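Hi,

Here is the structure I promised to pass on. Have a look at it first, and then read my notes below.

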Amino acid sequence: MNEYTGEKEFEEKIVQVNRVSKKTAGGNKIGFSVLVVVGDKNGNVGVGLGKAPGVQDAIKKGANYAKKHMISVPMVGTTIPHEVFVKRGAAKVLLKPASRGTGVIAGGAVRAVVEAGGIRDILSKVLGTSNQASNVYATLEALKMLASIEKKKARGWLIEDKVVSSKEKKIVRSKSGAKEKPGTRKRKSPETKKKIDIKKKP
């Protein structure tokens, strides 16, 4: 994992460099594709893939794309607000919050994205493919899915700072007094309908 320092306010990390050869009428045309992770270590991170005949030009293209498509990562202190699991293609990435002082427990691809975003304490596990590019995009997708604790409490997805599953969301919403969505009420069985009809008859 090499570091390429361009502008002062951003940290740029080169995750993968591929040499690409294309058959043409005049001979082989050689180029390079570079996967770059860019972040300000303050909650903003982006990923870009640059392609050019030279390595330096490919790095610049990838870095410029990453800067234009950066995402903001919600954080609680130095870690993430809750656990998240993402499956993107063959890549499977699990991210878990960690206590202060734990450090970044992550592999090369996940570490590059997490550190560029400014996360200092996190637990992670790559459960799928070992392809670094796939794991980088899966990690970025996982960071997009994160939401702050305030937002989750407002939506009724947290009980005592614990993330609630999709099945438990209906129970939380009913307790909080939120309106149920149309079609979510339980249908009455035919037996109960017969009992109600018998009661209504004079």
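This is a predicted model: local features need pLDDT of at least 70, side-chain atom pairs count only at pLDDT 80 or more; totals for chains, interfaces and linings use all residues.

If you skip the neighbours within four places in sequence, Leu95 is in contact with Ile80, His82, Glu83, Val84, Val110, Ile122, Leu123, Ser124, Ala142 and Leu143.

Strand β7 covers residues 91–97 and is joined by 5 bridges to β9, residues 122–126, with the two running antiparallel. β6 and β7 also run antiparallel, again with 5 bridges. These two make a hairpin with 2 residues between them, and Gly89 in the turn has a positive phi of about 65°. As a reminder, strands of a sheet pair through backbone hydrogen bonds, either parallel or antiparallel.

Put together, you get an open sheet of 4 strands in the order β6-β7-β9-β8, and the pairing is mixed. At the edges sit β6 (84–88) and β8 (104–105), each of which pairs on one side only. Helix α3, residues 132–145, packs on this sheet and touches β6, β7 and β9. The direction of α3 makes about 135° with that of β6.

Which residues touch the most other members of the largest nonpolar core? They are Val37, Val45, Leu95, Val136 and Leu143, out of 30 residues in that core. Two or more residues each come from β3 (27–39), β4 (44–52), β6, β7, α2 (108–116) and α3. There is also a second, separate core of 9 residues, with Ala58, Ile59, Ala63 and Ala66 among them.

Helix α2 is worth a click too. Its buried residues are Ala109, Val110, Ala112, Val113, Val114 and Ala116. Just after α2 comes Gly118, with a positive phi of about 95°.

Finally, the overall picture. The protein has 6 helices and 9 strands, and 35% of its 202 residues count as buried. Among contacts with a separation of 6 or more, 52% are between residues 24 or more positions apart. The accessible surface comes to about 13,300 Å², and carbon and sulfur atoms account for 50% of that.

Cheers

Terms used:
Residues are numbered from 1 along each chain as its sequence is written. Side-chain values use heavy atoms; hydrogens and water are left out. Two strands pair if DSSP finds at least two bridges between them. Contact means heavy atoms within 4.5 Å. Axes are lines fitted to C-alpha atoms, for helices over the stretch in contact, and angles run from 0 to 180 degrees between N-to-C directions. A nonpolar core is a set of buried Ala, Val, Leu, Ile, Met, Phe, Trp, Tyr and Cys residues joined through side-chain atoms within 4.5 Å. Buried means under 20% relative accessible area, exposed over 50%, partly exposed in between (1.4 Å probe, protein chains only). Accessible areas come from the Shrake-Rupley method with a 1.4 Å probe; for residues, only the protein chains shown count as cover.
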